[in-house]
Amino acid sequence: MIEEMYIKQRHKSMALYEKAVNIFPSGVTHDTRFILPFPTYITEAKGSRKWDVDGNEYVDFAMGHGALLLGHGREEVINAVRDAVLKGTHYGASSELEIRWGEMVKRLVPSAERVKFTSSGTEATLLSLRLARACTGKTKIIKFHGHFHGWQDYLTVGERPPWEIPPVGIPDEVLRTVIALPCDLSPLERVLKNDKDIAGVIIEPTGGSWAKVPIPDGFLEKLRGLTTKYDVLLIFDEVVTGFRWSPGGAQGLYGVIPDLTTLAKILAGGFPGGAVVGKKEVLESLEFSEEEERNQRRKIRHQGTFNANPVSAAAGIACLNIVSTGKPQKEASNRALDMRKALNEIIKAYEVRGCVYGDSSVFHIALGIAPRNFTGGDIRHPALPPEVLKMGMEKNLARLFQLSMLAEGVDIFHLGGLVSSAHTDEDVERTVKAFEVSVQSLRKEGVLK
Ligand SMILES: Cc1ncc(COP(=O)(O)O)c(C=O)c1O
């Protein structure tokens, strides 16, 4: 049985979890890491692989939650970080490193006329809303069902189904300032036409959770048209897609340029860091003025102890240098495509319900549900409702599937994964084998038909 096998391989992880539950709520430090009977504890990572406390090896598809496009411990990044650490980890002052980092971001990201660093993606999306509100003098923000923008108060609304259930711990007054809509132009235009208090629209430009809930083709162009027509700001949340979909992110690939963009993850080469970039006149709200009255009434105050710290800046520069060539994105995308195809062949061969889909260098796995446009090859947009795509699988099936993949030496992430340029053909083969064994085991346990 899958769960017994998982436990048998992980005595040390089990013992650590017993300590962890007395320290952290549910024993974890990030919701995504919560899994019963207990999570796996990792001690080391290199390239495409990582190892746990019990000595088990994994092909890693969490890849620093998408931050590690170049894989774990890429030499150029580690060397840059080592040099930086030896010169001090925080100067409490401006540095040349932050200028070099910011220049690279400006050069790569089409919408980046100005750059403001933050310490995380959540902080970046939070600042983007404040900028949109300050710049337009309006209050409300439109977001889309199933799109994730970090854990800040405003944007957790409508993040997972059922869409109408409000997130806990957030005042109604805050929730009333955000309108969550389906990714559909008609309701969007209706709201834009009737509500004159909309400051901006924020979207994951490849669909919710890095293309897990894909958006219709041509949606971005029309969204750009509508936001311009109704004079509201368009914000692309490229925390995951930035530098991954292309060196210039999704906007670089699709040629649709937003007013503001939020970045993190690959931006800082696997270290903490984020940024809001965008039009000069929008980021002007962050500027100091010679008029004290303006500073008091119009300037957005923005601090953050670790903004553009020299370690993250050094890692970011080294990473973006490599990323700017477009080569790692191509390598990772090719591997992801091979894998999506090979996993779908298994679904077809075993005649189970499911599909593996995705775009660029990511993949998503849905088992127990069968989209009618599944043919066995690669697929970008399964014909399934957004709430089904967002959840991916029934809860217990998802849990057993993840345990089984771990037991077979593969760490998937959010029922899918982010492929890096460090992944090899052998990693793909190993993942395909683990998937085949998992499909067999899940069928044997009667949870997959
Ligand atoms: C699209 C998107 N936006 C924002 C965030 C929040 O970023 P962070 O975890 O750095 O706060 C994430 C995190 O995964 C994300 O995927």
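Student: Which residues make up domain 1 and domain 2?

Tutor: Domain 1 is 2–71 + 327–444, and domain 2 is 75–323. The bounds come from an automatic or database domain assignment. Residues are numbered from 1 along each chain as its sequence is written. In this predicted model, local features need pLDDT of at least 70 and side-chain atom pairs count only at pLDDT 80 or more, while totals for chains, interfaces and linings use all residues.

Student: How far apart are the C-alpha centres of the two domains?

Tutor: They lie 27 Å apart.

Student: New topic. How many residues surround the ligand?

Tutor: 14 residues, counted when the C-beta atom, placed from the backbone, lies within 6 Å of the ligand. The closest are Ser-120, Gly-121, Thr-122, Gly-150 and Val-239.

Student: Which helix gives the largest share of that shell?

Tutor: Helix α5 (residues 121–136), with three residues. A helix here is a DSSP run of H or I, at least four residues, numbered from the N terminus.

Student: What does Thr-136 contact, leaving aside neighbours within four places in sequence?

Tutor: Ala-199, Val-232 and Leu-233. Thr-136 and Ala-199 are 63 residues apart along the chain, yet their C-alpha atoms are separated by 5.8 Å.

Technical notes: Helix = DSSP H or I, 4+ residues; strand = E, 2+ residues; numbered from the N terminus. Contact = placed C-beta atoms within 7 Å.
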